[in-house]
2 protein chains.
Amino acid sequence: MRALEEKILKDGRVSGNDILKVDNFLNHQLDIAFLNEIGKEFKERFKDKKIDKILTIEASGIAIASIASQHFGSVPVVFAKKVESKNLDKDVYETKVYSFTKGKEYSVKVSKKYLNKDENILVIDDFLANGRAAIGLKDLVDQSEANLVGIGIVIEKGFQEGRELLETRGVRLESLAILDSIENGKINFRQL
Amino acid sequence: MRALEEKILKDGRVSGNDILKVDNFLNHQLDIAFLNEIGKEFKERFKDKKIDKILTIEASGIAIASIASQHFGSVPVVFAKKVESKNLDKDVYETKVYSFTKGKEYSVKVSKKYLNKDENILVIDDFLANGRAAIGLKDLVDQSEANLVGIGIVIEKGFQEGRELLETRGVRLESLAILDSIENGKINFRQL
């Protein structure tokens, strides 16, 4: 998505060879008009599919998924909750996700009421890097026997293993921008 | 807001004499079409005011604020982050909020880049009960020398002290539904 690449070059900030900060439009301050462009593009990518519900994870995915929903007929959005690894509840689907950023494992939960057998679920999130959060969301969908239509990602770090882990599991992955590398402060996007 | 009261009666679940769960449309599963009705009503309540930015707090406020922004010309949304009370960063405004639900204090932070002097800020959140989170958000706005235009709340627990604490601080508060009491599973709304 050309407009997203331009936005990243204009507003993103690079740190070292693997960190891209986009907190001025995507995950702290939110550019709502631009999120609508992102939502429109997700619809374009998945226009051949019936989507019953969008699943995301708190906190950064919520705005993206909510605005995107409007381009899919305002289907319900469900956000999975991150919680510390205790406090098991029988009425939830739960999975464990290891965070490399935080160096620890956490639990991700969704109430069983909000993922149902045979529903067509689109997962949306802001970043894909090592893929652990995305695999966790897939696991929640699988537990509910709903149907994972695909995963839509705003920014993929193409130099990490997320895509491979998802594709070997048969997941359809659509990333709106893919970073092939960050070298000396310069971002190289994958040419598609 | 009559439609919201009807939605609460239809979809909300009451527990004891002070808990109302609305996780099937407001804070776990999100009814995006209904959030647009809420956003429209916030615009109606604040139509006399210039709003430059909407401030909310993760996680439940994010969807509400993002959808509402579209009714205010898609102004930027900033969500304050809840973090454990360590990890001080010089580039943030920070305040402490005591959570009665969790029985502990946590820090709430916003990057200094995203709240600026003289900006007109509307705070939006899902619930108002004892008012501590709202006062924390007001404190962040005050630290930045921005102008707090008002606070928009979806559901106010009118039997707790939030409104009094905010009004004695001169805050304009607009709640779309106010619960006067919950008795024997029945919700009594304040007649306005």
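The contact between the two chains takes 24 residues from chain A and 24 residues from chain B. On the chain A side, helix 3 of chain A gives the largest share, five residues. The model is a predicted one. A rotation of 180° with 0.0 Å of shift along its axis superposes chain A on chain B, with an RMSD of 0.0 Å. The two copies are thus related as by a two-fold rotation axis.

**Interface between the chains**

- The same surface serves both copies, since 100% of the contact residues of chain A recur in chain B.
- Strand 3 (29-30), helix 2 (32-45), helix 3 (60-69) and strand 5 (77-83) of chain A are the elements that give two or more residues to the side touching chain B.
- By class, this side of chain A has twelve nonpolar, eight polar and four charged residues.
- Strand pairing also crosses between the chains: strand 3 of chain A and strand 5 of chain B run antiparallel and are joined by two bridges.
- Within strand 5 of chain B, B:Val77 is the residue that stands opposite A:Leu30.

**Overall build of chain A**

- Chain A contains five helices and eleven strands.
- Its radius of gyration is 16 Å, close to the 16 Å that the globule rule gives for 192 residues, so chain A is as compact as a globular protein of that length.
- Taken along the principal axes, the C-alpha atoms of chain A fill a box of roughly 50 × 40 × 30 Å.
- Of the 192 residues in chain A, 46% are buried.
- Among contacts in chain A with a separation of 6 or more, 61% are between residues 24 or more positions apart.

**Helix 3 in both chains**

- Helix 3 of chain A is mostly covered, with ten of its ten residues buried.
- The buried residues there include A:Gly61, A:Ile62, A:Ala65 and A:Ser69.
- Helix 3 of chain B, residues 60-69, is likewise mostly covered, and ten of its ten residues are buried.
- Among them are B:Ser60, B:Ile64, B:Ala65, B:Ala68 and B:Ser69.

- Leaving aside residues up to four places away in sequence, B:Ile54 touches B:Ala65, B:Ala68, B:Ser69, B:Phe72, B:Val75, B:Val77, B:Leu122 and B:Ile124.

- Strand 6 (residues 92-99) and strand 7 (residues 104-111) of chain B pair in the antiparallel sense over eight bridges.
- B:Glu94 stands opposite B:Lys109, which lies in strand 7 of chain B.
- The two strands form a hairpin with four residues between them, and B:Gly103 in the turn has a positive phi of about 65°.

Definitions and conventions: Residues are numbered from 1 along each chain as its sequence is written. Chains are lettered from A and ligands numbered from 1 in the order in which they are written. This is a predicted model: local features need pLDDT of at least 70, side-chain atom pairs count only at pLDDT 80 or more; totals for chains, interfaces and linings use all residues. Copies are superposed by least squares on the C-alpha atoms of residues with pLDDT of at least 70 in both. Two residues are in contact if their C-beta atoms, placed from the backbone, lie within 7 Å. A residue is buried if 20 or more other C-beta atoms lie within 10 Å of its own, exposed if 12 or fewer, and partly exposed in between; C-beta atoms are placed from the backbone. The radius of gyration is taken over C-alpha atoms; the globule rule is 2.2 Å times the number of residues to the power 0.38. Ala, Val, Leu, Ile, Met, Phe, Trp, Tyr, Cys and Pro count as nonpolar, Asp, Glu, Lys and Arg as charged, and the others, Gly among them, as polar. Two strands pair if DSSP finds at least two bridges between them.
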